[in-house]
Amino acid sequence: MAVRLVELAYCCRLFGEFTRNDTSGDELKHATGNAINLHDAVHTKALLRLLNQWGCRQFAVEYHGEAGRMFGLWGDRW
């Protein structure tokens with residue numbers, strides 16, 4: 001059975017409301033105003049913090065500055 005995007009979005013929203021499990025997503029929205037600028041150090045720091053909280057450990061905290069610059073380069077290319 002295929003799930004439509006709107007159904008997935010609705011269920012994710014409900015999950016977040018009931019569990020309050022996505023505070024990192026809320027923090028990212030607050031820091032970026034829902035418009036991530038990959039050249040803004042505050043935005044990339046918030047993005048990296050979210051990725052770490054979600055279990056992405058390849059972005060160690062001590063390398064967030066460099067990883068943020070790499071996101072900017074990646075964003076320029078793609």
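**Helix H4**

I began with the buried residues of H4 in this predicted model, and I listed His 64, Ala 67, Gly 68, Phe 71 and Gly 72. Looking down the axis of H4, I found that these buried residues fall within an arc of 150°, so they line one face of the helix. On the other side of H4, I noted Arg 69, Leu 73, Asp 76 and Arg 77 as exposed. I then asked what the buried residues of H4 pack against, and the partner turned out to be H3.

I also checked the length of H4: at 1.5 Å a residue its 14 residues should span 20 Å, and the end C-alpha atoms are 20 Å apart, which agrees.

**His 64**

Leaving out residues up to four places away in sequence, I found His 64 touching Leu 48, Arg 49, Asn 52 and Phe 59.

**The nonpolar core**

Next I looked up the largest nonpolar core, which has ten residues, among them Leu 28, Leu 38, Leu 51, Phe 59 and Phe 71. Two elements give two or more residues to this core, namely helix H3 (41-53) and helix H4 (64-77), and the largest share, five residues, comes from H3. As a general point, I wrote down that nonpolar side chains tend to be buried together in soluble globular proteins.

**The aromatic pair**

How many aromatic pairs does a search of the whole structure find? I found one. The ring centres of Phe 59 and Phe 71 lie 5.5 Å apart and their planes stand at 45°, so I recorded the pair as tilted. The pair links distant parts of the chain, since Phe 59 sits in the loop between H3 and H4 while Phe 71 is in helix H4, twelve residues apart. I noted too that both Phe 59 and Phe 71 are buried.

**The cysteines**

Last, I searched for disulfides, for which the two cysteine sulfur atoms must be within 2.5 Å, and the count came to zero. I looked up accessibility as well: Cys 11, at 47% relative accessibility, counts as partly exposed, and Cys 56, with a relative accessible area of 23%, is partly exposed too.

Notes
Residues are numbered from 1 along each chain as its sequence is written. This is a predicted model: local features need pLDDT of at least 70, side-chain atom pairs count only at pLDDT 80 or more; totals for chains, interfaces and linings use all residues. Side-chain values use heavy atoms; hydrogens and water are left out. Buried means under 20% relative accessible area, exposed over 50%, partly exposed in between (1.4 Å probe, protein chains only). A nonpolar core is a set of buried Ala, Val, Leu, Ile, Met, Phe, Trp, Tyr and Cys residues joined through side-chain atoms within 4.5 Å. Helices (H or I, at least four residues) and strands (E, at least two) are DSSP runs, numbered from the N terminus. Contact means heavy atoms within 4.5 Å. Rings of Phe, Tyr and Trp (its six-membered ring) pair if their centres lie within 6.5 Å; planes under 30 degrees apart count as stacked, over 60 as edge-to-face and the rest as tilted. The expected span of a helix is 1.5 Å times one less than its number of residues. The arc is that of the directions from the helix axis to the C-beta atoms.
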